[in-house]
Amino acid sequence: MPFIKGTIEPDILQAFIAHIRSCPSCYDELETFYAIHHTLDALDSGRDADYHIRDSLQKELEEKEKELVREIRLRRAGRILLVLILISALLLAALIFAPGYIRVFLSFFAGLFSAGGAG
Ligand SMILES: [Zn+2]
């Protein structure tokens, strides 16, 4: 199971967690696979088996959800930054290449834009 091995794709992970949260039979199945995987893992490495599988799975699901939220926020911030850079680049290009009277007009708006951004 990719989720248990930690190899699940982020886009699929979101839908997976949403389904697991709303489907008791799939949650039970996941819990069973999770318990088997972690017990075998513990046996392999000579550690004591984890007797709090339910809690561990809950914790792991919550951590994955937090990671997803962080990732989505980061992606959104990246997109906003890209748009701001594009606007700045366009404005700069317009300032450089536009004829004189448009340049005066644009620099007025550029002033408003940066004043609004600072305040
Ligand atoms: Zn299901």
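The expected span of a helix is 1.5 Å times one less than its number of residues, and this rule is applied to the helices of the predicted model in the views that follow.

**View 1. Helix H2, a helix of 13 residues.** Helix H2 covers residues 10-22, and the distance from its first C-alpha to its last is 19 Å, close to the 18 Å expected at 1.5 Å a residue. A residue is buried if 20 or more other C-beta atoms lie within 10 Å of its own. The number of buried residues among the 13 of H2 is zero, so the helix lies largely in the open.

**View 2. The chain as a whole, with its helices in order.** The chain contains five helices and zero strands, so that, read from the N terminus on, its elements run α-α-α-α-α. Its C-alpha trace spans about 75 × 30 × 25 Å along the principal axes. The radius of gyration of the chain is 26 Å, whereas a compact globule of 119 residues would have a value near 14 Å. Buried residues account for 2% of the 119 residues. Of the contacts between residues at least 6 apart in sequence, 32% join residues that are at least 24 apart.

**View 3. Helix H4, from residue 53 to residue 97.** The 45 residues of H4 should span 66 Å at 1.5 Å a residue, and the end C-alpha atoms are 65 Å apart, which agrees. H4 is hardly covered, as the count of buried residues among its 45 residues is one. Ser56 is a residue of this helix, and with 14 C-beta neighbours inside 10 Å it counts as partly exposed. The C-alpha atoms of Ser56 and Leu40 are 15 Å apart in space, while the two residues are 16 apart in sequence.

**View 4. The packing of H2 against H4.** Two packed helices are described by the angle between their axes and the distance between the axes. For H2 and H4 the angle is about 130° and the axes are 11 Å apart. Angles from 65 to 115 degrees count as roughly perpendicular and those over 145 as roughly antiparallel, and H2 and H4 are therefore oblique to each other. Their crossing is left-handed. On the H2 side the contact is made by Pro10, Leu13, Gln14 and Ile17, and on the H4 side by Leu61, Lys64, Glu65, Leu68 and Glu71.

**View 5. The packing of H3 against H4.** Helix H3, residues 24-45, packs with H4 at an angle of about 105°, with the two axes 10 Å apart. That angle makes H3 roughly perpendicular to H4. Glu31, Tyr34, Ala35 and His38 of H3 make this contact with Ile53, Arg54 and Leu57 of H4. The 22 residues of H3 should span 32 Å at 1.5 Å a residue, and the end C-alpha atoms of H3 are 31 Å apart, which agrees. Just after H3, Gly46 takes a positive phi of about 75°.

**View 6. Lys5 in helix H1.** Lys5 is found in helix H1, which covers residues 2-5. With 8 other C-beta atoms within 10 Å, Lys5 is exposed. Lys5 and Ala35 are 30 residues apart along the chain, and their C-alpha atoms are separated by 13 Å. Ala35 is one of the H3 residues that make the contact with H4.

Terms used
Residues numbered from 1 in each chain as written. Predicted model: local features only at pLDDT ≥ 70, side-chain atom pairs only at ≥ 80, totals over all residues. Helix = DSSP H or I, 4+ residues; strand = E, 2+ residues; numbered from the N terminus. Buried ≥ 20, exposed ≤ 12 C-beta atoms within 10 Å, placed from the backbone. Rg over C-alpha atoms; globule rule 2.2 N^0.38 Å. Contact = placed C-beta atoms within 7 Å. Axes fitted to C-alpha atoms, helices over the stretch in contact; angles between N-to-C directions. Parallel < 35°, antiparallel > 145°, perpendicular 65-115°, else oblique. Left-handed = near helix turned anticlockwise from the far one by under 90°.
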